[in-house]
Amino acid sequence: MPDTRRGARLRLPPGQAAEVARWSAAGASGAYGGDRPAGEPAEAAVPEWPAGLVPEVAAAAARFGRDLGAAGVLRVAGVAVPAGLPPTPGRPYVEVRRPVGTERLLLALAGLAGEVISFADWHGGDRVQNLYPLPDQATGQSASNAVHLEMHTETAFRPNTPDGVILLCLRPDQEARTLVCDLLDLWPRFDEATRRALAEPAFAFRLPGGTTTEPKPVVTRWRDRPRFNYADALCATGPGHDAALRTLREAIAAEAATVTLRAGDLLFIDNVHVVHGRTGYRPRYDGTDRWLQRCLIRAAPVGAR
Ligand SMILES: [Fe+2]
């Protein structure tokens with residue numbers, strides 16, 4: 001499968017990774033808790049990345065933030081995962097909320113890329129979200145499942161849909177492959193009728209009882225570029241729109257690139273134009289399962305960039 005065209009890669013040198021890890025583990029982070037209005041920036045300041053610490057990584061995070069809308073995917077390898085990382089929890093992290101030591105670096109990098117946002121009704125408003133398989137969610141469509149996680153824009157169609165998502169892999173699983181697809185690559189290939197249909201408010205989620213959510217366009221404009229809100233679960237309200245949605249869905253399935261996250265890998269995903277998902281895998285629920293941390297960001301205002 002092709003790698004995403006806008007993909008970029010960096011690696012923290014081991015010596016500097018150790019320095020970053022010491023700095024990250026030493027600080028209180030404000031990663032967990034807080035009752036903020038949905039999608040509002042946290043009132044507590046995000047930790048500031050120390051000047052001079054792995055400057056190429058800091059610069060890449062800031063550049064990713066400036067380029068949101070066309071930033072693609074940025075992969076940074078080599079973050080030092082704490083040696084004393086506890087077993088992967090077996091209950092939601094809102095019931096745990098114990099910093100593992102990586103929260104400060106994750107929040108600081110997210111703060112270089114944009115404003116860190118959280119949702120009071122999602123992961124309890126935590127600014128660092130911890131994702132791992134939970135047995136009672138194994139077959140659902142959430143990041144805590146074990147079955148194929150369908151391709152989606154993170155929290156699509158919300159007034160506060162994040163502009164970017166940052167993942168940090170604490171504990172990997174070779175079988176679980178992250179899927180990404182850059183819709184800016186696909187967009188020029190679609191004919192005019194398909195593009196026009198996708199820009200009309202005709203796409204919704206099915207609700208129990210046969211109704212749907214309010215139909216919305218898959219494609220809007222954001223900072224002079226196409227912005228996509230997509231999920232494999234979307235349905236169309238008419239036959240013309242259904243054909244356009246099928247064209248898009250098939251193109252995503254054919255062109256998605258796979259990324260197998262290793263321990264210490266950071267993956268920055270531009271949520272404006274890159275959709276993501278994950279292959280199914282076989283969690284053991286014994287403390288050794290895959291564990292990711294996630295931050296959501298909103299692009300800084302144009303004048304502030
Ligand atoms: Fe997601």
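The structure is a predicted model, in which local features need pLDDT of at least 70 and side-chain atom pairs count only at pLDDT 80 or more, whereas totals for chains, interfaces and linings use all residues. Residues are numbered from 1 along each chain as its sequence is written, and side-chain values use heavy atoms, with hydrogens and water left out. The protein has 6 helices and 15 strands, these being DSSP runs numbered from the N terminus (H or I of at least four residues for helices, E of at least two for strands). An iron ion is held by His152, Glu154 and His276.

**Overall form**

- With 305 residues, a compact globule would have a radius of gyration near 19 Å, and the protein agrees with this at 19 Å; the radius is taken over C-alpha atoms, and the globule rule is 2.2 Å times the number of residues to the power 0.38.
- The C-alpha trace spans about 55 × 45 × 40 Å along its principal axes.
- Of the 305 residues, 53% count as buried, where buried means under 20% relative accessible area, exposed means over 50%, and partly exposed lies in between (1.4 Å probe, protein chains only).
- The protein exposes about 13200 Å², of which carbon and sulfur atoms supply 52%; accessible areas come from the Shrake-Rupley method with a 1.4 Å probe, and for residues only the protein chains shown count as cover.
- Among contacts (heavy atoms within 4.5 Å) between residues at least 6 apart in sequence, 82% join residues at least 24 apart.
- The UniProt annotation "domain: TauD/TfdA-like", from an unreviewed entry, covers residues 135-295; UniProt positions are given in the numbering used here, feature names are shortened, and annotations may be inferred rather than shown by experiment.
- Over residues 135-295 the chain is 17% helix and 29% strand, with the end C-alpha atoms 23 Å apart.

**Iron site**

- The protein donors of the iron ion are His152 (NE2), Glu154 (OE) and His276 (NE2), which lie 2.1 to 2.2 Å from it; donors are N, O and S atoms within 2.8 Å of the metal (3.2 Å for Na, K and Ca), and water is not among the atoms, so sites may look incomplete.
- Along the chain, these donors follow the spacing H-x1-E-x121-H.
- Because His152 lies in strand S5 (residues 149-152) and His276 in strand S14 (residues 274-278), the pair ties together parts that are 124 residues apart in sequence.
- His152 counts as buried at 15% relative accessibility, and His276 counts as buried at 8%.
- Leaving aside neighbours within four places in sequence, His276 is in contact with residues including His152, Glu154, Leu179 and Ile269, and UniProt lists His276 under "binding site" in an unreviewed entry.

**Loop residues**

- Most residues other than glycine have a negative phi.
- Phe157, in the loop between S5 and S6, has a positive phi of about 65 degrees although it is not a glycine, and at 16% relative accessibility Phe157 counts as buried.
- Arg223 lies in the loop between strand S9 (219-222) and strand S10 (225-228) and has a positive phi of about 50 degrees; Arg223 is partly exposed, with a relative accessible area of 29%.
- Val100, in the loop between S2 and H3, counts as buried at 13% relative accessibility.
- Val100 and Leu85 are 15 residues apart in sequence and 6.5 Å apart in space, C-alpha to C-alpha, and Leu85 is one of the residues that Val100 touches.
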